[in-house]
Amino acid sequence: MSLPGPGGPYSDLGRPPLNERNLRRALLVPGALWRRLEITAETGSTNADVTAAARDGEPEGLVIVAERQVAGRGRLGRTWESPARAGLSLSVLLRPGTPDEARGWAAVPATAYGWLPLLTGVALNESVRRVTGLETSLKWPNDLLVPVGEDEGKTAGILAEGVSGAVVVGVGLNVSLRENELPDRPTGPPATSLVLAGAPDADRDSLLKAFLRSLADWYARWRDTTGDPEASGLRAAYRESCGTIGRRVRVLLPDGAEVSGFVTGVDDDARLLVRTPGGDRPLAAGDVVHLR
């Protein structure tokens with residue numbers, strides 16, 4: 001049976017559509033970073049949609065959210081599909097290299113862009129904790145983890161891509177996925193969702209508002225300091241949020257090699273610092289496996 005809702009018909013009472021009118025009223029306010037919010041019933045990839053808009057000259061502040069994503073893109077060319085209204089699949093358009101005289105923002109050097117996925121992670125971790133009360137943490141560079149018994153489960157991923165002088169940041173958050181809807185993950189922690197992790201409140205409207213507000217706040221702090229992770233407080237916030245720092249890991253590098261060691265932090269370029277028997281190694285990319 002199909003029942004009406006604020007965003008059109010839907011058939012799962014436990015998964016109502018996002019309330020686009022209320023979200024626009026709350027987020028698209030004078031002086032805010034977010035300038036345009038579009039919610040679509042279905043798309044292949046929100047990152048692809050925002051990338052196309054960036055190439056067409058779209059200004060900073062676009063947000064595209066899909067109620068269902070059928071060809072979402074992750075790191076290392078991975079793809080995934082999310083059930084309708086079971087999570088948050090969204091991408092935002094940022095232009096940190098473009099000065100903003102109204103806000104007093106100078107252009108951020110491209111060398112600082114590596115902090116944007118980590119900045120997004122801090123905002124996501126902060127907002128999910130606030131809304132759900134779950135003890136979430138970040139896994140470098142782009143995963144949001146929740147406790148699953150004595151282990152960890154992945155409930156969100158982040159992908160940042162440079163395009164036409166802009167940066168497109170995509171986020172996929174599993175909110176109400178059931179066990180039989182979770183994707184298989186060949187490496188790393190198993191997938192889970194906020195509801196499966198025991199979240200007493202996993203309202204998607206509240207999560208989306210909290211995340212976009214937190215993201216805008218951290219982005220403003222970062223841009224106020226021209227991308228300085230120390231002066232903006234971003235490095236300290238990331239260290240506090242990141243469960244990878246301070247533990248032993250195995251890192252699978254893009255070329256197939258592996259590095260094992262103890263993570264001491266992240267450097268000025270947002271690279272993971274791994275202490276190995278052969279010395280400290282800064283890593284710009286790789287799949288991290290947390291070791292016990």
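I started with Tyr219 and Trp222, which both sit in helix 4, 3 residues apart, or about one turn of the helix. Helices here are DSSP runs of H or I with at least four residues, strands are runs of E with at least two, and both are numbered from the N terminus.

Before going on, I noted the ground rules: this is a predicted model, where local features need pLDDT of at least 70, side-chain atom pairs count only at pLDDT 80 or more, and totals for chains, interfaces and linings use all residues. Residues are numbered from 1 along each chain as its sequence is written, and side-chain values use heavy atoms, with hydrogens and water left out.

**Rings**

How many aromatic pairs are there by this rule? I got 2 aromatic pairs, taking rings of Phe, Tyr and Trp (its six-membered ring) as paired if their centres lie within 6.5 Å, with planes under 30 degrees apart called stacked, over 60 edge-to-face and the rest tilted.

Trp105 with Tyr219 is edge-to-face, at 5.7 Å centre to centre and 90 degrees between the planes. Trp105 is in the loop between strand 7 (87-94) and helix 3 (115-132) while Tyr219 is in helix 4, so this pair ties together parts 114 residues apart in sequence. Tyr219 with Trp222 is tilted, at 6.0 Å centre to centre and 35 degrees between the planes.

**Helix packing**

Next I checked helix 1 (residues 20-27) against helix 4 (residues 204-224): the angle is about 25 degrees and the axes are 11 Å apart. Axes are lines fitted to C-alpha atoms, for helices over the stretch in contact, and angles run from 0 to 180 degrees between N-to-C directions. Helix 1 and helix 4 are therefore roughly parallel (under 35 degrees; over 145 is roughly antiparallel, 65 to 115 roughly perpendicular, the rest oblique).

Which residues meet there? Leu23, Ala26 and Leu27 of helix 1 meet Asp205, Leu208, Lys209, Leu212 and Arg213 of helix 4, with contact meaning heavy atoms within 4.5 Å.

Last, helix 3 and helix 4 pack at about 140 degrees with axes 8 Å apart, which makes helix 3 oblique to helix 4.
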